[in-house]
Amino acid sequence: MKTRDAVSGGFYLSVVGMYIYSLWYNIAFITKGADNLFSYDGYGGKFKYLTFWNHVLQTLYFCICVVNAFAGSDIPASKHPRNRSGLQWFRDILHATLAFPVGMFVVSTFWALYAVDRELVYPRELDALIPPWLNHVMHTTVLPLLLVEKYLVYHHHPRRHNGIFILSAFALLYLAWILWIAFAADLWVYPVLRVMQNHERAIFIMFLLMFFISIYLLGEALTKFLWRKEKAALNAALSAASKKKK
């Protein structure tokens, strides 16, 4: 096993252990109210928060990474992706379209709003409910872990329009969910939306949707930059093969 493969395997096992434990702790011990989905107050329980969706998503993603590391394939950037296993294909799709964009979105928007006014996104009353380490697992370590994984493991990205379509569908699904909650339960999931006028909400939401797409493009560009030498080798091999056929 190559050194990079050994490091990525150890990295995956460590990260998946952290996510499984933190998700279990979140579900089992972070309770407020009763008879809701995993016991958060209000309509929809914890599932009304994108942070919780992302916590589940990152846990699922890194579990798939571990399974793929032992039972799938790891076709590098210098090889054609048609030889990938189904597990690696799914891992790559999930990373490019959801795990990286949603993870980066959660971290960047959370801390940006927190810096302006924490009451808009994480009221002080939550300090007594959520321990600091769990807050950082959900809102801080997500991004550096995804960046380290991008460096250690190459991900074959789908066609750009397909990738943006999947991410946009996810974003619109979540938007429809929180708008339904606002309509059905008269509850704005995030305080920042509650203090806005309707036209301000529309502008804010459109900005966030554009931000989502820009993160997808950033992830694609970052992958190309980090693995540019390997991709150049693949392009050279394909060019040489094409010339031989002629």
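Predicted model: local features only at pLDDT ≥ 70, side-chain atom pairs only at ≥ 80, totals over all residues.
Residues are numbered from 1 along each chain as its sequence is written, and side-chain values use heavy atoms, with hydrogens and water left out.

**The helix pair**

Helix H3 covers residues 86-117 and helix H8 residues 198-226; their axes sit 9 Å apart at an angle of about 125°. Helices here are DSSP runs of H or I with at least four residues, and axes are lines fitted to C-alpha atoms over the stretch in contact, with angles from 0 to 180 degrees between N-to-C directions.

On the H3 side, the contact (heavy atoms within 4.5 Å) includes Phe 100, Pro 101 and Phe 105, and H8 brings residues including Phe 211, Phe 212 and Tyr 216. The contact residues split into 12 nonpolar, 4 polar and no charged (Asp, Glu, Lys and Arg count as charged, Gly as polar).

**His 95**

His 95 lies in H3 and, at 0% relative accessibility, counts as buried (under 20% relative accessible area, 1.4 Å probe, protein chains only). Its side chain makes these polar contacts (N or O pairs within 3.5 Å, one able to donate a hydrogen and the other to accept it):

| Side chain | Partner side chain | Distance |
|---|---|---|
| His 95 | Tyr 61 | 3.2 Å |
| His 95 | Lys 150 | 3.2 Å |

Leaving aside neighbours within four places in sequence, His 95 also touches residues including Glu 149 and His 155.

Key: Helix = DSSP H or I, 4+ residues; strand = E, 2+ residues; numbered from the N terminus. Buried < 20%, exposed > 50% of the residue type's maximum accessible area, 1.4 Å probe, protein only.
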